[in-house]
Amino acid sequence: MLSLLNFRDFCCGNREEARKAFEKSTKGKVWFFFAVAGIHVTCWLCNYLQAGILDKYFYTHAKPMEVFQMIYEKALIRFVDFWVDAKPKSIMDYSEVSKEYQRRLKDQVSAGNYIFI
């Protein structure tokens, strides 16, 4: 349910960025399921939250759901760009590309050098 809310809020609250990201996700050979990527991003962020990796972002802000949404939007937009830059041969590369993005995202967030907000 959280991923659905994240995705809806992104598409409704940040229409221009969501439209750009969606368009990138549907181009030719490099297409992928935009909503599925949104579900994956929510899942990754929840895992990072449980592991304490995102704690510093929540300690300094009073509204945790708004913070989570901002983080979600940045992470999803950056995943779309990462996908395009990876130049996958087909949708069949989705798993490999998403795992690599997730690994890099986790490393950058853990090191404290990934800016979401």
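A nonpolar core is a set of buried Ala, Val, Leu, Ile, Met, Phe, Trp, Tyr and Cys residues joined through side-chain atoms within 4.5 Å. The structure above is a predicted model, and its largest nonpolar core has 31 residues. Phe 32, Phe 34, Leu 45, Leu 76 and Phe 79 have the most contacts inside this core. H5 gives the most, with 11 residues.

Start with Leu 76, one of the core residues with the most contacts. Leave aside residues up to four places away in sequence. Leu 76 then touches Phe 7, Phe 10, Phe 34, Ala 37, Gly 38 and Val 41. One of these partners, Phe 34, is also among the core residues with the most contacts.

Beyond the residues up to four places away in sequence, Ile 77 touches Phe 10 and Glu 17. Ile 77 can also be placed against Phe 22. The two residues are 55 apart along the chain, and their C-alpha atoms are separated by 9.3 Å.

Gln 69 also has its place in helix H5. Is Gln 69 buried or exposed? Its relative accessible area is 11%, so Gln 69 is buried. Neighbours within four places in sequence aside, Gln 69 is in contact with Leu 5, Asn 6, Asp 9 and Phe 10.

Next come the helix pairs. Two packed helices are described by the angle between their axes and the distance between the axes. Take H1 and H3. Their axes come within 9 Å and cross at roughly 120°. That angle makes H1 oblique to H3. The crossing in which H1 passes H3 is right-handed. On the H1 side, the residues that meet H3 are Leu 2, Ser 3, Asn 6, Phe 7 and Phe 10. On the H3 side, they are Phe 34, Ala 35, Gly 38, Ile 39, Thr 42 and Cys 46.

H3 also packs with H6. Here the axes come within 11 Å and cross at roughly 35°. This crossing is right-handed. H3 brings Val 36, Ala 37, His 40, Trp 44 and Tyr 48 to the meeting. H6 brings Tyr 94, Ser 98, Tyr 101, Gln 102, Leu 105 and Lys 106.

The charged side chains come next. How many salt bridges does a search of the whole structure find? The search finds eight. One of them joins Arg 19 to Glu 16, with the closest N and O atoms 2.3 Å apart. Both residues lie in helix H2 (residues 15–25), and because they are three residues apart, about one helical turn separates them. Arg 19 counts as partly exposed, at 37% relative accessibility. Glu 16 counts as partly exposed too, at 39%.

Helix H6 (residues 94–111) holds another pair, Asp 107 and Arg 103, which lie four residues apart, about one turn of the helix. Asp 107 forms a salt bridge with Arg 103, and the closest N and O atoms are 2.9 Å apart. Asp 107 is partly exposed, with a relative accessible area of 41%. Arg 103 is partly exposed at 42% relative accessibility. This pair belongs to a network of salt bridges that links Glu 100, Arg 103, Arg 104 and Asp 107.

Glu 66 and Lys 63 form a further salt bridge, with the closest N and O atoms 3.9 Å apart. That value falls within the 4 Å limit, so the pair is counted. Glu 66 is partly exposed, with a relative accessible area of 48%. Lys 63 is exposed at 51% relative accessibility, because the cut-off for exposed is over 50%.

The last stop is a loop. Lys 87 is found between H5 and H6. Its relative accessible area is 64%, so Lys 87 is exposed. Most residues other than glycine have a negative phi. Phi of Lys 87 is near 50°, a positive value in a residue other than glycine.

Notes:
Residues numbered from 1 in each chain as written. Predicted model: local features only at pLDDT ≥ 70, side-chain atom pairs only at ≥ 80, totals over all residues. Heavy atoms only, no water. Helix = DSSP H or I, 4+ residues; strand = E, 2+ residues; numbered from the N terminus. Buried < 20%, exposed > 50% of the residue type's maximum accessible area, 1.4 Å probe, protein only. Contact = heavy atoms within 4.5 Å. Axes fitted to C-alpha atoms, helices over the stretch in contact; angles between N-to-C directions. Parallel < 35°, antiparallel > 145°, perpendicular 65-115°, else oblique. Left-handed = near helix turned anticlockwise from the far one by under 90°.
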